[in-house]
Amino acid sequence: MRRTELFRAGPFRLALGFATALSVGMLLIFGFIYWQTSEVETRRMQRDLVQEAAVAAQTRDDILLYQLQVRIMSDYHRVTVAAWFDADGKRRYGNLNALPPDLPIDDKGHRLDIRTNDTDVPQPAILTAAKRADGGTVVLGRAMDELLALQRVVARTLIAGLLPAVALVLASGVLGGARARRRVQTVQQTIGRIMGGDLRERLPLSGSHDAVDQLSARVNQMLDRIVHLLDEIRAVGDNIAHDLRTPLSVMRAKLERGLAAEEPEELRRGAEAALADLDKAFGMITALLRIAELEDSRRQAGFTTVDLAEVAGEVFDLYEPLAEAKGVTLAREDKGPLFVTGDRDLLIEAVANLVDNAVKFTPEGGRVLIRTRMGGTGGEEAVPVVEVSDTGPGIPPAERAAVVRRLYRLDKSRHIQGNGLGLSLVQAIAALHGFKLVIDGSDLGAVIALICGAADGEGVGNPGAWP
Amino acid sequence: MPASDTIAHLHLVEDEPDMAREIVTSLEARGYTVSHSVTAAAALEVLRADRSVAVVIADRMLPGGMDGLDMVQELRDEGIATPILVLSALGSVDDRVRGLNAGGDDYLTKPFAVAELVARVEALRRRPPDTRATTLRVGSLEMDLLSRTVRRGQREVPLLPREFKLLEYMMRRPDQVITPAMLLTDVWNYRFVPQTNVVDVHMGKLRHKIDEMGELPMIHRVRGAGFMLRAAD
């Protein structure tokens, strides 16, 4: 792990900031304690000493002596300084040998290093001196070693508390940073592998549901979707290749046979048949491009109010002769105009595809019905529906989702002419409009409906969603 | 099959050499004379100088900053009325291209059958005169546009509205090959081609009504191309 990377890791920087804040906070608290113990205590002691000294200066000789004796004797900790000098500076009583030369006699407290009879080395103390009426001097004082000791304790506590705390915070920052960095590194490596082509890889989840986890989960969902789309494209590609290879092989065979033929007429027939196959292949490409065009164009600018019944009528007119020629009854059922917002041409194309399929798959003597009505989507509101039902073989429920896929064709329909793109095209038109394509029916025939209302999810294969 | 009167001269604007060679060869094989240029600018030079060009066939995508549609605009701005057929790739049939159909010019998507190309060229070359006549006549076939009735000789032919429109379209273009795609765009106003060839069935029904048993056929099927209405006698 490179150091710069560690310092750049979010958690570490957070910990660093936290440690700084913690240190500042603790320093402030301890600073306050320190200030309290040293300054305030010192001042209080000075005030007391000054007062006592002032009183002592007025006290009668014998009582002063007695008081000084008591003061020294009762001081078990040897922190008291008490001395009485006469006007010549000679000691009359006390634990100081001589009047400290640098102590001004001004009834004020002073900090001095002083050596008493009880101590070997000079120690810091607060002293005050007061003049007596007879010219003598009373010196009262108190060693500050207690206070200093307290200050040392405070400082030690500060160091003892602050250093581990900061160390702890920084350590957790380092660990957290390293962990976060490891996760990011894993994610980066995984993404690297995915970009390298291994689309089955997924970002690891720690299970902690934190921000990184949530992000990873979303990325994984996105990858699922991409894989799904890629699979779809691959499937389409495979299907295109397969479906093109068949007519191309047949075409090749026909041309080869035509070239080998003795009769020029046979060559001609072969070429014509090959041309028809080629047109079939082009038709497929055309339809695929058309679907792609529809799926690309997200614009709905050309939408106007369209009468669904009129659309159905138009398609009915277009297919009626074809159905008749095939021996299929094409019927219409509508209850007056039914207005939707959409592209008239595209809606005609969609319904035409549905009817085209229905007529194609319905055997002779069967019936195809184009119905426009108000219907439900499973929700409260009834919306316009155009529905094409037939008496063909129907679409098995398991395959209903698949039939709208590009180039998907039911096995039993392989022999029927068509490129397997009709329903995909209808689905693309429905999606462009926000409509829903619902495939239903039984083995007595298919019922395919275009629900011209707000699509609320996948309509295909969801026959229970509407009556 | 150009009109019998004169040999039609066409001009092709196409930058793809293979495609250009094929189109020129196919059209020449059908009796046209074809000149060829690679850019719209070069084509404009030719068209300004040579007014004998009957129809211009222009690829939509052309090099040199001016595409086929720009060229149409430029020609119209200069007052040159030569009809233009724009060749468009499948994915690029947008509203601007479709607008050509309304403006008297036409478009065709690649790939196309040569028969379709020729039919479109002929349709552009022999645009029906904007006649105010209320009666159309082809041989013994007579259409009254006001009463919306059709007679063949003495026999009245009962037609459904769509059949009437189909026949009207054909009667305005006698002796011309009319392709299913032309009928879908011009008679039905559809932008799509149905999977099953429904136009054939419609034409079949119409043909049964026009050419009854024992009568000489007037509606002919042109192999690999479409249909043609021709006077029977």
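Modeller: Two residues are in contact if their C-beta atoms, placed from the backbone, lie within 7 Å. This is a predicted model, in which local features need pLDDT of at least 70, side-chain atom pairs count only at pLDDT 80 or more, and totals for chains, interfaces and linings use all residues. Residues are numbered from 1 along each chain as its sequence is written, while chains are lettered from A and ligands numbered from 1 in the order in which they are written.

Biologist: Nice to meet this model! In chain A, what percentage of the contacts between residues at least 6 apart in sequence join residues at least 24 apart?

Modeller: Chain A has nine helices and twelve strands; helices (H or I, at least four residues) and strands (E, at least two) are DSSP runs, numbered from the N terminus. Of its contacts between residues at least 6 apart in sequence, the share joining residues at least 24 apart is 63%.

Biologist: Is α9(A) mostly covered or mostly open, and how many of its residues are buried?

Modeller: A residue is buried if 20 or more other C-beta atoms lie within 10 Å of its own, exposed if 12 or fewer, and partly exposed in between, with C-beta atoms placed from the backbone. Among the buried residues of α9(A) are A:L423, A:V426 and A:H433, and the buried set packs against α6, β8, α8, β11 and β12 of chain A. The helix is mostly covered, its buried residues numbering eleven of twelve.

Biologist: How are α8(A) and α9(A) oriented to each other?

Modeller: Using lines fitted to C-alpha atoms over the stretch in contact, with angles from 0 to 180 degrees between N-to-C directions, the axes of α8(A) (residues 344–361) and α9(A) (residues 422–433) come within 9 Å and cross at roughly 150°. Angles under 35 degrees count as roughly parallel, over 145 as roughly antiparallel, 65 to 115 as roughly perpendicular and the rest as oblique. The two helices are therefore roughly antiparallel.

Biologist: Which residue just after α9(A) takes a positive phi?

Modeller: The helix itself reaches 17 Å from first C-alpha to last, close to the 16 Å expected at 1.5 Å a residue (1.5 Å times one less than the number of residues). Just after it, a positive phi of about 75° belongs to A:G434.

Biologist: And which helix of chain B gives the most to the side that touches chain A?

Modeller: Here 14 residues of chain B are in contact with 19 residues of chain A. On the chain B side, four residues come from the helix that gives the most, α8 (residues 198–210) of chain B.
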